[in-house]
Amino acid sequence: METKLGRIAGKAAQEKHPIFTSLYHLLNEEMLEKCHRELSGNRAVGVDEVTKEEYDGNLEENIRDLVERLKKKSYKPQPTKRVYIPKANGGKRPLGIAAYEDKIVQQGLKKMLEVVYEPKFEENMYGFRPGRSCHMAIKSMCCNIIRRRIDYIVDADIKGFFDHMSHEWILKFVGYYIQDPNILRLIDKFLKAGILEAVILLDNHGRYRPL
């Protein structure tokens with residue numbers, strides 16, 4: 001599996017505008033079992049109330065059934081449970097928790113998106129990228145301030161950005177390189193899965209906290 005993803009990453013890096021029309025088949029038993037192994041077992045559960053430990057109890061059959069539903073296009077993501085974590089200013093930050101099986105499929109999609117798009121990102125981009133962190137971004141900024149002539153710094157935050165992203169444009173951006181209709185259809189299903197509000201709070205470590 002890593003070899004296949006490596007070849008995809010190589011094509012993405014070498015070609016100016018690579019087009020990928022057949023990626024869906026990579027969501028196979030090998031890939032999804034690996035995704036299951038990588039997921040944390042101590043996170044809050046989604047609307048299905050299924051933990052990693054419970055899913056692992058019948059893993060082979062569960063993964064086989066999941067792959068079969070993906071092949072038949074009958075797989076349907078469940079609504080995301082919305083919970084809230086406390087912010088430093090006293091407010092609450094919304095956090096979406098997917099059902100466990102959806103987390104597995106999302107992890108598989110994440111792997112594919114990363115190998116396709118990572119080679120296209122600029123070196124000075126740090127947000128939500130593997131092997132990068134906010135601390136690295138701060139270090140880079142400090143180095144630039146010291147070594148280069150900087151006249152001003154802009155600090156901007158778009159309120160509720162992820163809550164108001166256009167689904168149509170998300171699919172257009174993904175489809176710029178990934179033109180596998182099955183992958184785009186699956187992402188669209190996730191975008192339309194909906195949200196279920198949960199009357200609970202989580203602490204900053206993703207653990208339940210009394211209201």
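This is a predicted model: local features need pLDDT of at least 70, side-chain atom pairs count only at pLDDT 80 or more; totals for chains, interfaces and linings use all residues.
What hand does the crossing have where H4 passes H5? Residues are numbered from 1 along each chain as its sequence is written, and side-chain values use heavy atoms, with hydrogens and water left out.

**Figure 1. The whole chain has 8 helices and 4 strands.** Helices (H or I, at least four residues) and strands (E, at least two) are DSSP runs, numbered from the N terminus. Going along the sequence, the pattern reads α-α-α-α-β-β-α-α-α-α-β-β. The C-alpha trace spans about 60 × 50 × 30 Å along its principal axes. Of the 211 residues, 32% count as buried, where buried means under 20% relative accessible area, exposed over 50% and partly exposed in between (1.4 Å probe, protein chains only). Take the contacts (heavy atoms within 4.5 Å) between residues at least 6 apart in sequence: 70% of them join residues at least 24 apart.

**Figure 2. H4 passes H5 in a right-handed crossing.** A crossing is right-handed if the near helix is turned clockwise from the far one by less than a right angle, and left-handed if anticlockwise. The two axes are 12 Å apart and pack at about 65°; axes here are lines fitted to C-alpha atoms, for helices over the stretch in contact, and angles run from 0 to 180 degrees between N-to-C directions. That makes H4 roughly perpendicular to H5 (65 to 115 degrees; under 35 is roughly parallel, over 145 roughly antiparallel, and the rest oblique). On the H4 side the contact uses Asn62, Ile63, Leu66 and Arg69, and on the H5 side Glu101, Ile104 and Val105. Sorted by class, that gives 4 nonpolar, 1 polar and 2 charged residues. Nonpolar covers Ala, Val, Leu, Ile, Met, Phe, Trp, Tyr, Cys and Pro; charged covers Asp, Glu, Lys and Arg; the others, Gly among them, are polar.

**Figure 3. H5 also meets H8, in a left-handed crossing.** The axes of H5 (residues 100-117) and H8 (residues 181-191) come within 12 Å and cross at roughly 135°, so the pair counts as oblique. H5 brings Asp102, Val105, Gln106, Leu109 and Met112 to the contact, while H8 brings Ile183, Leu186, Ile187 and Phe190. The class tally is 7 nonpolar, 1 polar and 1 charged.

**Figure 4. The largest nonpolar core has 36 residues.** Such a core is a set of buried Ala, Val, Leu, Ile, Met, Phe, Trp, Tyr and Cys residues joined through side-chain atoms within 4.5 Å. Its residues with the most contacts inside it are Leu23, Met31, Leu32, Ile104, Met112, Val116 and Leu186. H1, H2, H4, H5, H7 and H8 each supply at least two residues, and H5 gives the largest share, 8 residues. Zoom in on Leu32: leaving out residues up to four places away in sequence, Leu32 touches Leu27, Ile63, Leu66, Val67, Leu70, Ile104 and Val105.

**Figure 5. Lys111 sits in helix H5.** With 14% relative accessibility, Lys111 counts as buried. Leaving out residues up to four places away in sequence, Lys111 touches Leu5, Met31, Lys34, Cys35 and Glu38.

**Figure 6. Asn124 lies in the loop between H5 and H6.** This one counts as exposed, at 60% relative accessibility. Asn124 and Met141 are 17 residues apart in sequence, and their C-alpha atoms are 9.4 Å apart in space.
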